[in-house]
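Trainee: I have this one open for the first time. Can you walk me through some of the side-chain contacts?

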Amino acid sequence: MIRILVDTSADMTAEELKELNIEFVPITVTMNGKDYRDGVDLTKDEFYDMLTSTEEFPMTAQPSPQDFVDMFEAAQENGDSLIYLSLSSGLSGTFQTATLAKNMVEYDDIYLVDTLSATHAIHILAQYACKLRDENLPVAEIVEKLEAIKSRITILAGLDTLEYLYKGGRLNKATAAIGELANLKPIITVNEEGKIGVPGKCLGRNKALASLVKMITEKGIDTSFPVYSIYTYGTENVEKLKAKLEKEGIDVTKQLQIGATIGAHIGPGAFGLIFVAK
(Lines give C-alpha, C1' and ligand atoms only; values in the text may rest on other atoms or scores of the structure.)
Protein backbone atom coordinates (compact mmCIF):
# COMPACT_ATOMS: atom_id res chain seq x y z
CA MET A 1 0.00 0.00 0.00
CA ILE A 2 1.12 3.57 -0.69
CA ARG A 3 0.42 6.04 2.10
CA ILE A 4 0.12 9.77 1.38
CA LEU A 5 1.03 12.09 4.26
CA VAL A 6 0.61 15.87 4.59
CA ASP A 7 0.87 18.32 7.46
CA THR A 8 -1.95 20.68 8.33
CA SER A 9 -0.38 23.51 6.31
CA ALA A 10 -2.08 21.82 3.32
CA ASP A 11 -5.36 23.21 4.74
CA MET A 12 -7.37 20.12 3.81
CA THR A 13 -10.53 19.35 5.78
CA ALA A 14 -10.97 16.22 7.88
CA GLU A 15 -13.63 15.07 5.41
CA GLU A 16 -11.26 15.46 2.43
CA LEU A 17 -8.46 13.63 4.21
CA LYS A 18 -10.77 10.74 5.05
CA GLU A 19 -12.30 10.60 1.56
CA LEU A 20 -8.90 10.52 -0.16
CA ASN A 21 -7.30 8.28 2.48
CA ILE A 22 -4.60 10.83 3.32
CA GLU A 23 -2.83 10.87 6.69
CA PHE A 24 -1.67 14.06 8.38
CA VAL A 25 0.52 15.45 11.14
CA PRO A 26 -0.68 18.62 12.86
CA ILE A 27 1.16 21.92 13.17
CA THR A 28 0.67 23.56 16.57
CA VAL A 29 -0.56 27.14 16.92
CA THR A 30 -0.02 28.96 20.22
CA MET A 31 -2.31 31.91 21.01
CA ASN A 32 -3.01 33.62 24.31
CA GLY A 33 -0.87 31.06 26.11
CA LYS A 34 -2.78 28.06 24.81
CA ASP A 35 -1.69 25.44 22.28
CA TYR A 36 -4.02 24.34 19.47
CA ARG A 37 -3.51 21.69 16.82
CA ASP A 38 -4.26 23.46 13.56
CA GLY A 39 -7.31 21.95 11.89
CA VAL A 40 -8.00 19.68 14.89
CA ASP A 41 -8.64 21.87 17.96
CA LEU A 42 -9.04 25.10 16.02
CA THR A 43 -11.22 25.86 13.00
CA LYS A 44 -10.09 28.47 10.50
CA ASP A 45 -12.77 31.00 11.48
CA GLU A 46 -12.02 30.50 15.18
CA PHE A 47 -8.36 31.23 14.46
CA TYR A 48 -9.11 34.48 12.59
CA ASP A 49 -11.54 35.57 15.30
CA MET A 50 -8.70 35.29 17.81
CA LEU A 51 -6.12 36.79 15.43
CA THR A 52 -8.18 39.96 14.92
CA SER A 53 -9.21 40.36 18.55
CA THR A 54 -5.80 40.18 20.23
CA GLU A 55 -2.50 42.05 19.93
CA GLU A 56 -0.54 38.85 20.54
CA PHE A 57 0.94 37.34 17.38
CA PRO A 58 0.36 33.57 17.14
CA MET A 59 3.33 31.24 17.20
CA THR A 60 3.37 28.13 15.04
CA ALA A 61 5.38 25.01 15.85
CA GLN A 62 6.21 22.35 13.30
CA PRO A 63 5.52 18.67 14.05
CA SER A 64 8.16 17.04 16.25
CA PRO A 65 10.58 14.38 14.96
CA GLN A 66 8.60 11.85 17.02
CA ASP A 67 5.38 12.77 15.20
CA PHE A 68 7.06 11.72 11.96
CA VAL A 69 8.80 8.71 13.50
CA ASP A 70 5.41 7.35 14.60
CA MET A 71 4.03 7.69 11.06
CA PHE A 72 7.14 6.24 9.43
CA GLU A 73 7.36 3.27 11.81
CA ALA A 74 3.69 2.46 11.20
CA ALA A 75 4.40 2.32 7.46
CA GLN A 76 7.50 0.20 8.07
CA GLU A 77 5.63 -2.30 10.26
CA ASN A 78 3.01 -2.79 7.55
CA GLY A 79 5.55 -2.90 4.72
CA ASP A 80 3.90 0.14 3.13
CA SER A 81 5.43 2.90 1.02
CA LEU A 82 4.92 6.47 2.28
CA ILE A 83 5.06 9.79 0.44
CA TYR A 84 5.21 12.92 2.59
CA LEU A 85 4.31 16.24 0.93
CA SER A 86 6.00 18.84 3.09
CA LEU A 87 5.40 22.53 3.63
CA SER A 88 8.14 24.44 1.77
CA SER A 89 11.60 24.21 3.32
CA GLY A 90 11.86 27.92 2.51
CA LEU A 91 9.05 28.70 4.96
CA SER A 92 9.50 26.13 7.72
CA GLY A 93 11.88 23.55 9.15
CA THR A 94 9.25 20.82 8.74
CA PHE A 95 10.98 19.14 5.79
CA GLN A 96 14.28 19.00 7.69
CA THR A 97 12.50 17.49 10.70
CA ALA A 98 10.92 14.82 8.49
CA THR A 99 14.37 14.08 6.99
CA LEU A 100 15.80 13.64 10.49
CA ALA A 101 12.95 11.28 11.40
CA LYS A 102 13.48 9.22 8.24
CA ASN A 103 17.16 8.81 9.13
CA MET A 104 16.16 7.69 12.63
CA VAL A 105 13.75 5.06 11.31
CA GLU A 106 16.14 3.82 8.59
CA TYR A 107 13.39 2.69 6.22
CA ASP A 108 14.06 3.16 2.52
CA ASP A 109 10.43 3.12 1.39
CA ILE A 110 9.76 6.64 2.68
CA TYR A 111 9.77 9.42 0.09
CA LEU A 112 9.98 13.05 1.20
CA VAL A 113 8.80 15.68 -1.28
CA ASP A 114 9.71 19.28 -0.48
CA THR A 115 6.77 20.94 -2.24
CA LEU A 116 8.47 24.38 -2.12
CA SER A 117 4.93 25.62 -1.63
CA ALA A 118 2.14 25.96 0.92
CA THR A 119 -1.56 25.81 1.70
CA HIS A 120 -3.85 24.63 -1.14
CA ALA A 121 -0.93 24.22 -3.54
CA ILE A 122 0.00 21.20 -1.40
CA HIS A 123 -3.69 20.27 -1.52
CA ILE A 124 -3.45 20.05 -5.34
CA LEU A 125 -0.31 17.92 -5.12
CA ALA A 126 -1.96 15.60 -2.60
CA GLN A 127 -4.98 15.11 -4.85
CA TYR A 128 -2.68 14.38 -7.78
CA ALA A 129 -0.70 11.88 -5.69
CA CYS A 130 -3.91 10.09 -4.74
CA LYS A 131 -5.03 9.95 -8.37
CA LEU A 132 -1.73 8.36 -9.39
CA ARG A 133 -1.86 5.97 -6.43
CA ASP A 134 -5.38 4.88 -7.37
CA GLU A 135 -4.15 4.26 -10.93
CA ASN A 136 -1.69 1.77 -9.37
CA LEU A 137 1.46 3.59 -10.46
CA PRO A 138 4.66 2.51 -8.67
CA VAL A 139 5.63 4.77 -5.80
CA ALA A 140 8.88 5.92 -7.46
CA GLU A 141 6.97 6.99 -10.57
CA ILE A 142 4.43 8.90 -8.47
CA VAL A 143 7.23 10.77 -6.72
CA GLU A 144 8.87 11.53 -10.07
CA LYS A 145 5.62 13.00 -11.43
CA LEU A 146 5.09 15.06 -8.26
CA GLU A 147 8.61 16.46 -8.49
CA ALA A 148 8.04 17.29 -12.16
CA ILE A 149 4.82 19.22 -11.63
CA LYS A 150 5.45 21.03 -8.33
CA SER A 151 7.30 23.94 -9.98
CA ARG A 152 4.24 24.65 -12.15
CA ILE A 153 1.88 25.12 -9.21
CA THR A 154 1.36 28.85 -8.80
CA ILE A 155 0.17 30.91 -5.84
CA LEU A 156 -0.77 34.54 -6.49
CA ALA A 157 -2.48 36.50 -3.73
CA GLY A 158 -3.28 40.08 -2.79
CA LEU A 159 -2.98 41.29 0.80
CA ASP A 160 -5.50 43.66 2.33
CA THR A 161 -3.23 44.73 5.18
CA LEU A 162 0.49 44.88 6.01
CA GLU A 163 -0.13 44.63 9.76
CA TYR A 164 0.48 40.91 10.06
CA LEU A 165 3.62 40.88 7.92
CA TYR A 166 4.97 43.42 10.41
CA LYS A 167 3.77 41.47 13.47
CA GLY A 168 5.34 38.30 12.09
CA GLY A 169 8.68 40.04 11.55
CA ARG A 170 8.48 40.06 7.73
CA LEU A 171 8.35 43.89 7.52
CA ASN A 172 9.80 46.61 9.72
CA LYS A 173 7.42 48.99 11.48
CA ALA A 174 8.25 52.04 9.34
CA THR A 175 7.72 50.22 6.04
CA ALA A 176 4.44 48.75 7.26
CA ALA A 177 3.20 52.15 8.50
CA ILE A 178 4.08 53.91 5.22
CA GLY A 179 2.43 51.11 3.25
CA GLU A 180 -0.77 51.32 5.27
CA LEU A 181 -0.92 55.11 4.90
CA ALA A 182 -0.45 54.79 1.12
CA ASN A 183 -3.10 52.05 0.95
CA LEU A 184 -0.46 49.73 -0.51
CA LYS A 185 -1.71 46.27 -1.46
CA PRO A 186 1.17 43.91 -2.25
CA ILE A 187 0.81 40.89 -4.52
CA ILE A 188 2.65 37.90 -3.07
CA THR A 189 3.69 34.51 -4.41
CA VAL A 190 5.79 31.53 -3.34
CA ASN A 191 8.84 31.64 -5.59
CA GLU A 192 11.00 28.87 -7.07
CA GLU A 193 13.05 28.70 -3.87
CA GLY A 194 9.88 28.12 -1.84
CA LYS A 195 10.04 31.55 -0.21
CA ILE A 196 7.63 34.48 -0.19
CA GLY A 197 8.13 36.77 -3.18
CA VAL A 198 6.47 40.10 -3.98
CA PRO A 199 5.93 40.36 -7.76
CA GLY A 200 3.78 43.50 -7.45
CA LYS A 201 2.75 46.42 -5.23
CA CYS A 202 -0.50 48.22 -5.97
CA LEU A 203 -2.14 51.36 -4.68
CA GLY A 204 -5.59 50.25 -3.59
CA ARG A 205 -7.61 47.07 -3.77
CA ASN A 206 -9.03 47.64 -7.27
CA LYS A 207 -5.56 47.94 -8.79
CA ALA A 208 -4.47 44.85 -6.87
CA LEU A 209 -7.40 42.91 -8.30
CA ALA A 210 -6.61 44.05 -11.84
CA SER A 211 -2.93 43.24 -11.39
CA LEU A 212 -3.72 39.75 -10.11
CA VAL A 213 -5.98 39.00 -13.07
CA LYS A 214 -3.27 40.22 -15.49
CA MET A 215 -0.60 38.03 -13.86
CA ILE A 216 -2.88 34.99 -13.90
CA THR A 217 -3.88 35.34 -17.54
CA GLU A 218 -0.25 35.89 -18.58
CA LYS A 219 0.80 32.69 -16.80
CA GLY A 220 -1.93 30.58 -18.38
CA ILE A 221 -3.79 27.81 -16.57
CA ASP A 222 -3.62 24.04 -17.10
CA THR A 223 -7.31 23.23 -16.71
CA SER A 224 -6.68 19.50 -16.29
CA PHE A 225 -5.95 20.38 -12.64
CA PRO A 226 -8.16 22.14 -10.08
CA VAL A 227 -8.21 25.95 -9.93
CA TYR A 228 -8.74 27.22 -6.39
CA SER A 229 -9.65 30.75 -5.38
CA ILE A 230 -8.35 31.35 -1.87
CA TYR A 231 -9.12 33.69 1.00
CA THR A 232 -8.27 34.12 4.66
CA TYR A 233 -11.17 35.80 6.48
CA GLY A 234 -14.05 37.53 4.73
CA THR A 235 -14.99 36.60 1.17
CA GLU A 236 -15.74 40.03 -0.35
CA ASN A 237 -12.33 40.41 -2.01
CA VAL A 238 -12.14 36.86 -3.33
CA GLU A 239 -15.67 37.09 -4.76
CA LYS A 240 -14.62 40.21 -6.70
CA LEU A 241 -11.56 38.38 -8.00
CA LYS A 242 -13.68 35.40 -9.03
CA ALA A 243 -16.07 37.68 -10.97
CA LYS A 244 -13.17 39.33 -12.83
CA LEU A 245 -11.67 35.94 -13.68
CA GLU A 246 -14.99 34.70 -15.04
CA LYS A 247 -15.04 37.66 -17.44
CA GLU A 248 -11.67 36.41 -18.70
CA GLY A 249 -13.11 32.93 -19.23
CA ILE A 250 -11.40 31.43 -16.16
CA ASP A 251 -13.60 29.10 -14.13
CA VAL A 252 -12.78 28.47 -10.48
CA THR A 253 -13.15 24.87 -9.31
CA LYS A 254 -13.71 25.76 -5.66
CA GLN A 255 -13.29 28.61 -3.18
CA LEU A 256 -11.13 27.56 -0.24
CA GLN A 257 -10.02 29.16 3.00
CA ILE A 258 -6.39 29.47 4.10
CA GLY A 259 -5.62 28.21 7.60
CA ALA A 260 -3.50 29.41 10.49
CA THR A 261 -0.01 28.41 9.30
CA ILE A 262 0.01 30.92 6.42
CA GLY A 263 -2.97 33.06 7.47
CA ALA A 264 -1.16 34.30 10.58
CA HIS A 265 1.34 36.15 8.38
CA ILE A 266 -0.99 37.59 5.74
CA GLY A 267 -4.00 38.49 7.89
CA PRO A 268 -7.72 38.84 7.11
CA GLY A 269 -8.99 40.03 3.74
CA ALA A 270 -6.29 38.27 1.69
CA PHE A 271 -7.45 36.82 -1.62
CA GLY A 272 -5.93 35.02 -4.59
CA LEU A 273 -5.70 32.02 -6.87
CA ILE A 274 -3.81 28.73 -6.83
CA PHE A 275 -3.47 26.84 -10.09
CA VAL A 276 -1.14 24.73 -12.23
CA ALA A 277 0.46 26.87 -14.92
CA LYS A 278 0.61 25.65 -18.52
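Mentor: What follows covers salt bridges, aromatic pairs and a charged surface patch, in that order. Keep in mind that this is a predicted model.

Trainee: Fine. How many salt bridges does the structure hold?

Mentor: There are 11 salt bridges in the structure. In general, side chains of opposite charge can pair when their charged atoms come close.

Trainee: Take Arg37. Which side chain does Arg37 meet in a salt bridge?

Mentor: That of Asp41, with 3.0 Å from N to O. Arg37 is partly exposed, at a relative accessible area of 40%. Asp41 is partly exposed too, with a value of 36%.

Trainee: And Lys150, buried or exposed?

Mentor: Lys150 is buried, because its relative accessible area is 15% and the cut-off for buried is under 20%. The side chain of Lys150 forms a salt bridge with that of Glu147, at 2.8 Å from N to O. Glu147 is partly exposed, with a relative accessible area of 33%.

Trainee: What about Lys240, which residue does it form a salt bridge with?

Mentor: With Glu236; the closest N and O atoms are 3.3 Å apart.

Trainee: Where do Lys240 and Glu236 sit in the chain?

Mentor: Both are in helix α10, residues 236-247. They are 4 residues apart, so about one helical turn separates them. Lys240 counts as partly exposed at 35% relative accessibility, whereas Glu236 is exposed at 53%.

Trainee: Which residues do shared partners join into one network?

Mentor: Arg3, Glu23 and Asp80, through salt bridges that share partners.

Trainee: New topic, then. How many aromatic pairs does the count come to?

Mentor: The count comes to 5 aromatic pairs. One of them is Tyr48 with Tyr233, which is stacked: the centres are 5.5 Å apart and the planes are at 15°.

Trainee: Why does 15° between the planes count as stacked?

Mentor: Because planes under 30 degrees apart count as stacked, and this pair has 15° between its planes.

Trainee: Where in the chain are Tyr48 and Tyr233?

Mentor: Tyr48 is in helix α2, residues 44-53, and Tyr233 is in the loop between β11 (228-231) and α10. Tyr48 is buried, with a relative accessible area of 0%. Tyr233 counts as partly exposed at 27%.

Trainee: Which residues form one aromatic cluster with Tyr48?

Mentor: Phe47 and Tyr233.

Trainee: Is Tyr128 buried or exposed, and Phe225, buried or exposed?

Mentor: Tyr128 is buried, at 16% relative accessible area. Phe225 is buried as well, at 14%.

Trainee: Last topic, the surface. Which residues gather in a patch of negative charge?

Mentor: Asp67, Asp70, Glu73 and Glu77.

Trainee: Pick Asp70. Where is Asp70 found?

Mentor: In helix α3, which covers residues 65-78. Asp70 is partly exposed, with a relative accessible area of 43%.

How values were computed:
Residues are numbered from 1 along each chain as its sequence is written. This is a predicted model: local features need pLDDT of at least 70, side-chain atom pairs count only at pLDDT 80 or more; totals for chains, interfaces and linings use all residues. Side-chain values use heavy atoms; hydrogens and water are left out. Patches are made of residues with over 30% relative accessible area and no salt bridge: like charges are joined within 9 Å, nonpolar side chains (Val, Leu, Ile, Met, Phe, Trp, Tyr) within 5 Å. Accessible areas come from the Shrake-Rupley method with a 1.4 Å probe; for residues, only the protein chains shown count as cover. A salt bridge is a side-chain nitrogen of Lys or Arg within 4 Å of a carboxyl oxygen of Asp or Glu. Lys and Arg count as positive and Asp and Glu as negative; His and the chain ends are not counted. The place of a charge is taken as NZ of Lys, CZ of Arg, CG of Asp or CD of Glu. Helices (H or I, at least four residues) and strands (E, at least two) are DSSP runs, numbered from the N terminus. Buried means under 20% relative accessible area, exposed over 50%, partly exposed in between (1.4 Å probe, protein chains only). Rings of Phe, Tyr and Trp (its six-membered ring) pair if their centres lie within 6.5 Å; planes under 30 degrees apart count as stacked, over 60 as edge-to-face and the rest as tilted.
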